[in-house]
Amino acid sequence: MRLPFLALLLGSFLSPSLQAADARDWLVRMTGAGASQSFSGTYIYERSGIFSTHHIWHQALPPASITERLLQLDGQEQEVLLSNGRVRCATRNQFENLAEVQQLDGSRFDVARLEKTYELKLLGSSRVAGRAAVVVLLLPRDNYRYARELHLDSETGLLLKSLLLNGQGQLLERMQFTSLAPKLEHGQQDLQPVTDCVAPIGAPQSAERKSAWQVGWMPAGFVLSATRQQHDPETNASVQSLVFDDGLARFSIFLEPLNGVMAGNAHAQMGPTVVVSRPLSNGKGQFMVTVVGEIPLTTAEQVVLSVTSKDLAGTQP
């Protein structure tokens, strides 16, 4: 990972162990801040040079209740309503296949787990949305995931800015607040959708649900967090998806019967999101295996090539 000169300069004044301890403390503070504080703010989202502007209403009711509403402010109105990180409803034309959205507050981070696959570094200070911030870098210990640079509010610990960086230090994705009103309580009207908000298709199921498929290779730290079964109205097929994450990065494996349709290997990438597909056979016919997620292309290719059939009788993919 090639770091910006400023990051190297700031890091040179602190020992690695001190950097890690301070970075860990700030990440722990961030997880507590999102779970205990309500706030409202406007942020920009960028990927592949395309920008959009959004507003978020975040209501925290300790000890374990978080409700969020995200509304896109430019272009067509689109929004999503979340409860404890799960999508309750979303605008159909943007989110109809989403079952969960990573929270902007970082309250679901498991810092102890992240330390196993990321090196934590304290880079120094910055200023975001007119507020003083502390900069923490999560540097992957291998080449199978991306780095993330987090700017945390010095006063509240809330996440103000997040940069996703590839192995050459190039920006893949940006989330950055332009205004933030912390410790702000919301009325019920703030958390009510104003668009055609519908429930997501295919609710998450237990990660232990049996599948007719097995994944032979997985990067260290990634575990199966959920499975989903949903109906594709266009093909009238039942599609299973397996969701994996390492506590920060996430990708899904989709398994869909081809029903006689001819298909070959394919891959595509937009910003940090990669899509890799290949056809695969088992005793029940031909299927398309597709990996989708914010992971390097080489990682997705290795995962999709390792998927094989268990050929379990009576088990549908």
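A charge sits over a ring if NZ of Lys or CZ of Arg is within 6 Å of the ring centre and within 35 degrees of the ring normal. In this predicted model, R69 meets that rule by lying over the face of W57, at 4.3 Å from the ring centre. R145 likewise lies over the face of Y118, at 5.9 Å from the ring centre.

Residues are numbered from 1 along each chain as its sequence is written, and side-chain values use heavy atoms, with hydrogens and water left out. Because the model is predicted, local features need pLDDT of at least 70 and side-chain atom pairs count only at pLDDT 80 or more, while totals for chains, interfaces and linings use all residues.

**The open sheet**

- Helices (H or I, at least four residues) and strands (E, at least two) are DSSP runs, numbered from the N terminus; two strands pair if DSSP finds at least two bridges between them.
- Strands of a sheet pair through backbone hydrogen bonds, either parallel or antiparallel.
- Here, 11 strands form an open sheet with antiparallel pairing, in the order β6-β7-β8-β9-β10-β1-β2-β3-β4-β5-β11.
- Its edge strands, β6 (118–128) and β11 (197–198), each pair on one side only.
- Strands β4 (residues 79–83) and β5 (residues 86–91) run antiparallel and are joined by 4 bridges, with C89 in β5 as the bridge partner of L81.
- These two strands form a hairpin with 2 residues between them, and N84 in the turn has a positive phi of about 50°.
- Strand β5 is also joined to β11 by 2 bridges, and T91 stands opposite C197 in β11.
- Elsewhere, 5 bridges join β9 (residues 159–165) to β10 (residues 171–182); S162 has M175 in β10 as its bridge partner.

**Salt bridges**

- A salt bridge is a side-chain nitrogen of Lys or Arg within 4 Å of a carboxyl oxygen of Asp or Glu, and the count by this rule is 10.
- In one of them, the closest N and O atoms of E46 and R174 are 2.9 Å apart.
- This pair links strand β1 (residues 39–47) to strand β10, with E46 and R174 128 residues apart.
- Both E46 and R174 are buried, a term that means under 20% relative accessible area, with exposed meaning over 50% and partly exposed in between (1.4 Å probe, protein chains only).
- R131 forms a salt bridge with D153, the closest N and O atoms being 2.7 Å apart.
- R131 lies in β7 (residues 131–140) and D153 in β8 (residues 147–153), 22 residues apart, and both residues are buried.
- Salt bridges that share partners join R131, D153 and E155 into one network.

**Aromatic pairs**

- Rings of Phe, Tyr and Trp (its six-membered ring) pair if their centres lie within 6.5 Å; planes under 30 degrees apart count as stacked, over 60 as edge-to-face and the rest as tilted.
- There are 6 aromatic pairs by this rule.
- The ring centres of F39 and F177 are 6.3 Å apart and the planes are at 75°, so this pair is edge-to-face.
- F39 is in β1 and F177 in β10, 138 residues apart; both are buried.
- Ring pairs link F39, Y43 and F177 into a cluster.

**Helix α5**

- In helix α5 (residues 297–306), the buried residues are T299, A300, V303, V304 and S306.
- They are on the same side of α5 because they cover an arc of only 160° around the axis, taken from the directions from the helix axis to the C-beta atoms.
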